[in-house]
Amino acid sequence: MTNYYKQRGIYLFLTKLFFLLIFFSHSYAQNGGTEISGKVLNDKTKAFLPGATIQIKGSTNTVITNDNGEFKIVTYKDLPVVLRVSYSGYDAREIPIDNIKPVVVELEETATQLSDIVVVGYGTQRKRDLTGSIAKINAQEVAKIPVASFDGQLQGKASGLQVITNSGVPGEGIFVRLRGTTSINSSSDPLYIVDGVFLNNTSLQTTVLGGRTTSPLADINPADIESIELLKDAAATAIYGSRGANGVVIVTTKKGNYGSKTKVDVNVSNGWVEADRSVLPNLISGPEVATLVHEYWVNSGQPERSPFRPVSEGGLGAPEEQKTYDRLAFLLRKGYIQDYNIGIQGGGSKSRYYLGAGYVDQDAFFKVIGFNRASLKFNYDHELSRNVKIGVTNSLSRSYRNQARLGDGPQGRLWGSAINNATYSPTHDASGALIGLENTYSLVDNYDVNTVSLRYVGSVFAEANIIKDLKFRSSISADYNLYDEYQYWNTGTSIGSAVGGKAISSITQNSAWINEQVLTYKKVFGEHSITALAGNTLQSNELKNTYAEGNGFANSNYKLISSAASTLASDSWTKHTISSYFGRVGYAYSDKYFAEVSFRSDGSSKFGKNNRRGYFPALGLGWRLISENFLADVRWLSELKLRGSYGLTGNQSGINDFAARGLWSGGSPYADTYGTPLAGIGPLQLGNDELRWEKTAQTNVGFDAAFLSNRLSVTFDYYYKYTSDLLLQKPVPASSGFAQYWANVGEVSNRGFEVAINSDNIRTKNFNWSTNLNISSNKNRIEKLPTPITQYTRDWVILQEGYSLNSFWLYEQLYVDPKTGDPVFAGQDENGVVTVEDRKILNSFYPKFYGGINNTIRFRQFDLSALFTFQYGNYNLNLQRFFIERNPATGANATLLNRWQKPGDITDVPRLVSTGYNYTLDQNSRYLEDASFIRLKQLSVGYSLPAGISQKARLTNVRFYFVAANLFILTKYTGDPETNVTSNPNAQGLGGFGTPPQPRSFQFGLNVTL
């Protein structure tokens, strides 16, 4: 009944909120203007042109056409006025309007497809003017994929962007790389900027959850996003200096339009998630596992240790007499998904606004675990006068997680308890009592691990036109996150039983603020145009944590730490600041030749006094060949532009805020002569005044081309990135009193290419079919590293000079001897012995190429889209198989059914035995699998009511839709090739152990626009 009242309360809250927002929107809407309506069509096919821009000439009053090519715009000027109508790939038109009759505007396809406006660092540019590599992603397409964090929705959407969903738990961290991994210790995640606010993308999680971490980006509601741009090369990213080495993701949220009527958009969807059984562990039956266990002990020469002896001898009976206890079937469920969003936007002659509210609730596909988020968004811009404008952006969210303890090792693992138990082992005894404390049934009943994230992201700005062509903007932005973690383990769990119950509380506060001033100058004179900007930034980031733990509780009615028999507590604080100045100058001549130079200097409190400031210049050049006379008669070529750039960017993440300083710490007590502890201090860290920025130099060359009246467009880029002065800890002699200190050691390179192809296959009045394909390749290499670094337990992963990061260091199993059933390894001596010198670096986690292909079809009122994502040439070390196969008494999968059993058997699975190297050599290449895949990531089908029917109901648009995700996958890998046991970026490719795969999801929805 609790869930019923909870859901009913949510529905009542959203209903009240809906009507409140409707009331607000109608009360806010301004009256007295003149409404102009119409439709925008292709002049030849008469097909609708959704997304065309309609502007009242001489004002900022702008609206966008809907899916049926229709628009309504309000002007506060007296008629006549002039409408400027533009659409990507078409010549713009200006239409005089002297009455309020609906107007039909027909646009002609143009000879260029580079007229799109894209967001760049501190401004916007026409795509044709770009010298850097920037990709734009359709936010409406992204929002279709039902994952908690919007970065997970970007998979397969743009070239150069690698996105991997490591877990099937909603709200968990996503592995994202833009043009490869540039660092070993520092973060290689891109910089995320939302409405000018630099977002924290480092998880605030502090409690142990088995190596997995949560995603801070899950606090952002994707329904509020208007556009997403990816800045990839140095010409595009150097303006962000120390934050741009890994690329930049710029997110712009909805803001409404000046001079437009209020638009209310309501989107409701419900559905479910379920297990994709093709990637679940292929567990075998109780009798089959019992057979393996019995064979294991017989082959080991210890048949008396087999539990499968006659009952009269104290055994469990013969293997074939055993039952099957399917813990996984008990744990799985159909999880419920519900998603509600309402957005209100519009504006008057001097103001525009957007107000959005959303609630999403996602169950995992296995019991207990889930994620929900409630969010509120308000953006407002107002022109105080012709020359002064002010505005605010505000986003407030509350994210709640029923956390999952996943991965390798920790107790209390829901998923692991269902996988790593022999299926012949009972879950309950004869009396019905639960057996064992790591029992799946017990954990489901006693699981209490949760997190609440309260987050505010916002900014306020003022903008003034000082003189003609010169504008000044000042802004202050903040990102505040309160992250509250709580765990309670009662005596019915292994964690709680040892101490009489355990409670853990960890509260983390992250406060970041940024103040920026920017001067922008734009001037066009004849065939010349100049754009210039200069600015400065001040930013600060402060992180606090308070941790408390209590052990020993009277009973489970008392869960507060203050009720515990014993307690302990700790706290921490850290802070860093950055001061920056930057500038950029762009020049264009005759719309053919383009040059841009940028520069940024960052000073960080993290570095040594001798190297606190870093300098990051960049240069970009462009040549639009299509405008040259020698291509004037080439009719099949619609666009051709060459681009090239070179620049430096930096990185400072991954080191602590005081890494360059020699530190002393309290908490080092000593005893007086009576043994009483006294407060003391002790050395903590060795300083390094020469510590300096990581630097990444990047070269990029590329071209943009379009053919057949822009029906086919191609973008190609080749890049080379070289990172030097890696921030790593360097060992020092023990006689110094320290083990290591922070230093600049090592170099890493990335080189690759990207191709994006957009094809307008068929375009008629009633039928459109388009295809978007992107494919990328990146080769990563450690160029310099004095000493190899191993990662994760058992040193499965190694970082070594001359090889890629995330390479596997293993004993290479050549084959299984058909005579003996024992494995044969490379380097084995005549006595069958292998040593650590025989280990080899075999393959890596990174693919040879990856990408996505999306097809979109529109037929009359129907629309269909299908997105496939793929990777090729990547490998995973399958830890799920490793931990299950090494001892069948802790579970077994179907792989062991192919084991060697008698002389002459040909297989790569050795005979079952407890001795030798068969199952005791942990770093065995037998578990290294080809993890290439192609996955149907998203399939959506929609139907929009005809405009006539919608308008009779006084609605602008009504669309019904169905969305499915992860419908199927083609792979040779045993399991889900995207799962990983840990969030450690240097230990990727350790597949699946204790980590659930991605589920299938199905949603039905309704989108109504008023």
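Asn-99 counts as partly exposed because its relative accessibility is 33% (buried means under 20% relative accessible area, exposed over 50%, and partly exposed in between, with a 1.4 Å probe and protein chains only). The model is predicted: local features need pLDDT of at least 70, side-chain atom pairs count only at pLDDT 80 or more, and totals for chains, interfaces and linings use all residues. Residues are numbered from 1 along each chain as its sequence is written, and side-chain values use heavy atoms, with hydrogens and water left out.

Asn-99 is found in the loop between strand E6 (93–97) and strand E7 (103–107); helices (H or I, at least four residues) and strands (E, at least two) are DSSP runs, numbered from the N terminus. The side chain of Asn-99 is joined to that of Asp-98 by a polar contact of 2.9 Å, and also reaches the backbone nitrogen of Lys-101 at 2.9 Å. A polar contact is a pair of N or O atoms within 3.5 Å; within protein, one must be able to donate a hydrogen and the other to accept it, and residues adjacent in sequence count only if both atoms are side-chain atoms.

Ser-186 lies in another loop, between strand E12 (174–178) and strand E13 (191–194). Ser-186 counts as buried because its relative accessibility is 4%. A polar atom of its side chain lies 2.3 Å from the backbone oxygen of Ser-653. Leaving aside residues up to four places away in sequence, Ser-186 touches Asn-651, Gln-652, Ser-653, Gly-654, Glu-694 and Leu-727 (contact means heavy atoms within 4.5 Å).

Side chains of opposite charge can pair when their charged atoms come close. The structure holds 47 salt bridges, each defined as a side-chain nitrogen of Lys or Arg within 4 Å of a carboxyl oxygen of Asp or Glu. One of them is formed by Asp-195 and Lys-377, with the closest N and O atoms 3.2 Å apart. This pair links distant parts of the chain, 182 residues apart: Asp-195 is in the loop between E13 and strand E14 (197–198), and Lys-377 is in strand E20 (residues 370–383). Asp-195 is buried at a relative accessible area of 15%, and Lys-377 is buried at 3%.

Glu-978 and Arg-935 also meet in a salt bridge, at 3.1 Å from N to O. Glu-978 lies in the loop between strand E52 (969–971) and strand E53 (990–991) and Arg-935 in strand E50 (residues 933–944), so the pair ties together parts 43 residues apart in sequence. Glu-978 has a relative accessible area of 2% and is buried; Arg-935, at 0%, counts as buried. In the salt bridge between Glu-783 and Arg-781, the closest N and O atoms are 2.6 Å apart. Here Glu-783 is buried at 18% relative accessibility, whereas Arg-781 is partly exposed at 34%. A network of salt bridges links Arg-126, Arg-128, Asp-129, Asp-591, Arg-624 and Glu-639.

The protein chain as a whole has ten helices and 54 strands. Its radius of gyration is 31 Å, close to the 30 Å that the globule rule gives for 1010 residues, so the chain is as compact as a globular protein of that length (the radius is taken over C-alpha atoms, and the rule is 2.2 Å times the number of residues to the power 0.38). Of the 1010 residues, 55% count as buried.
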